[in-house]
Every structure is written in structure tokens, then in C-alpha cells.
Amino acid sequence: MSDKSKKYGIMGGTFDPIHIGHLVIAEEVRNKFNLDKVIFIPSGQPPHKNLSNVTEPEHRYQMTLLATISNPYFEVSSIEMDRAGKTYTVDTIKKLNEVFNEEVDFYFITGADAILDLPTWKNVNELLTLCNFVAATRPGFGLEKMQKGIEKLEKKYNRSIYTLIVPALQISSTDIRNRINNNQSIKYLLPESVEHYIYKNNLYKSSENGGLF
Ligand code: ATP
Ligand code: MG
């Protein structure tokens with residue numbers, strides 16, 4: 001795949017909400033792998049999460065736009081949100097390969113927890129032939145455990161998976177949602193624009209309904 005002229009990162013996630021942990025791993029991978037850009041793709045109906053617990057795609061898309069707008073190398077795609085039914089990474093990457101006419105090498109970016117989940121994804125064998133994978137370290141998911149898990153995956157699927165040590169940020173969307181629901185501060189855990197969007201739209205309060213709880 002190395003004779004292709006461009007390298008794009010794909011940052012998939014629920015982004016409920018997007019936070020600094022997502023932005024840092026995307027930027028670190030872009031930088032270390034010399035990517036031309038990173039496309040953030042908020043999930044539509046996430047196959048691994050109970051739909052009723054996930055905020056409407058439109059809100060997650062808007063927050064992702066706000067969070068990425070100041071980085072000229074970041075883009076947001078609604079490709080998964082626009083597809084009806086459950087969305088799977090393998091279908092997204094196939095679609096992107098069609099759109100970009102196979103001129104682009106894709107680097108799918110994940111955190112340590114997500115990469116270890118890979119065997120549960122749809123058509124993993126095929127997926128690993130369609131794009132590269134880069135797994136970034138994540139607090140709570142030890143480096144050693146991640147590396148052992150990746151070695152197993154590499155043997156099982158006979159493909160290489162890149163790993164990258166990134167500045168550790170113990171931030172998760174779950175923690176941010178819980179903080180909001182408990183009237184705790186979320187300042188500095190996510191961009192200020194996203195923080196304001198959350199308050200303006202009354203998201204993540206159990207009495208209101210941003211789709212949560
Ligand atoms: P939730 O708590 O709702 O699962 P999350 O913080 O894990 O949210 P996701 O949207 O599930 O965010 O994650 C998207 C991708 O970003 C995944 O590959 C995940 O591993 C990675 N990721 C999220 N937060 C971090 C972080 N703090 N450090 C490294 N990777 C992260
Ligand atoms: Mg997660």
C-alpha cells in the first residue's frame with residue numbers, strides 16, 4: 001500500500017462528547033506518521049453501544065466540528081451518520097476507498113481499549129487488508145497489556161498493527177457525562193466551544209434528554 005500518494009488518518013468514535021484525549025491522539029498520530037489529514041468520523045448507530053444511551057448523532061457531529069475547526073489538518077465526515085442502520089468500520093473504509101479512488105493509504109486510529117476489542121468487529125480479516133491500524137496508549141489500559149494483545153492479534157490475522165505512546169490523558173466521555181450530571185466542572189477536559197455547546201443544549205443531564213440515561 002506504500003506507493004499511494006496520500007496518507008489519511010481516520011479517527012472513529014462515538015464522541016459523546018469529543019474531548020482532549022481524542023484530539024491529542026489524532027494529532028500525535030498525524031505528526032508521527034506524516035499524515036496529510038485526519039478525518040474524524042462520529043459513529044451513527046454504534047454497534048457496540050446501546051442506542052438509547054447515545055446522544056443524537058447531530059449533536060455529536062456538531063461538537064466534533066467545533067472541537068476540530070481550529071486544526072487545518074482535521075476534518076469531520078458524516079459518512080457513518082448518513083447511513084441507515086448499524087454502522088461498521090469495514091463498510092466505512094470500503095466506501096472511503098471508493099471515494100478516494102485508492103490513491104490514499106488509510107490509518108485507522110484507536111486507543112488501547114478499542115484495539116483489544118478488534119476481534120469483535122465485523123469482517124476483521126478484510127478490514128485489516130483495507131487500512132493500517134495505529135493503537136495509541138491510554139491510561140488504565142497498560143502498555144504491556146496492549147502490546148501483548150496486539151502481538152496476539154498480529155499472529156491471528158497475520159497483519160502488523162502500529163503502536164504509539166502518546167501523552168497520557170485520563171479523560172473519557174463517560175467521566176465527562178457523569179461530571180455534568182453531578183454538576184461537577186468539566187473545564188479543560190474538552191474544548192471550551194464544546195463545553196458551551198453542551199450547556200446551551202442541556203446535554204447529559206439525566207432530567208433532560210440529550211438521548212442519555
Ligand atoms: P466512552 O467513555 O463513552 O466510551 P471514550 O472516551 O472512550 O468514550 P470513544 O468515543 O469511545 O471515547 O473513543 C473513540 C476512540 O478514542 C477509541 O479508539 C478510544 O480508545 C480512543 N480514546 C478515547 N479517549 C482516549 C484517551 N483519553 N486516550 C487515548 N485514547 C482515547
Ligand atoms: Mg470508549
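1. A residue is called buried when its relative accessible area is under 20%, exposed when that area is over 50%, and partly exposed in between, with a 1.4 Å probe and protein chains only. By this rule Phe33, at 14% relative accessibility, counts as buried.

2. The structure is a predicted model, in which local features need pLDDT of at least 70 and side-chain atom pairs count only at pLDDT 80 or more, while totals for chains, interfaces and linings use all residues. Residues are numbered from 1 along each chain as its sequence is written, and side-chain values use heavy atoms, with hydrogens and water left out.

3. The protein has eight helices and six strands, where helices (H or I, at least four residues) and strands (E, at least two) are DSSP runs numbered from the N terminus. Their order along the sequence is β-α-β-α-β-α-β-α-α-β-α-β-α-α. The radius of gyration, taken over C-alpha atoms, is 17 Å, close to the 17 Å that the globule rule (2.2 Å times the number of residues to the power 0.38) gives for 213 residues, so the protein is as compact as a globular protein of that length.

4. The C-alpha trace spans about 50 × 35 × 30 Å along its principal axes, and 47% of the 213 residues count as buried. Among the contacts (heavy atoms within 4.5 Å) with a separation of 6 or more, 75% are between residues 24 or more positions apart.

5. The structure holds eleven aromatic pairs, a term for rings of Phe, Tyr and Trp (its six-membered ring) whose centres lie within 6.5 Å, with planes under 30 degrees apart counted as stacked, over 60 as edge-to-face and the rest as tilted. One of them joins Tyr8 and Phe100 edge-to-face, at 5.2 Å centre to centre and with 90 degrees between the planes. This pair links distant parts of the chain, since Tyr8 lies in strand 1 (residues 6-13) and Phe100 in the loop between helix 3 (89-99) and strand 4 (104-111), 92 residues apart. Tyr8 is buried, with a relative accessible area of 7%, whereas Phe100 is partly exposed at 23% relative accessibility.

6. Another pair is formed by Phe33 and Tyr107, whose ring centres are 5.8 Å apart and whose planes stand at 50 degrees, so the pair is tilted. Here too distant parts of the chain are linked, with Phe33 in the loop between helix 1 (20-32) and strand 2 (37-42) and Tyr107 in strand 4, 74 residues apart. Tyr107 counts as buried, at 6% relative accessibility.

7. Finally, Tyr8, Phe100 and Phe106 form one aromatic cluster.

How values were computed. Chains lettered and ligands numbered in written order.
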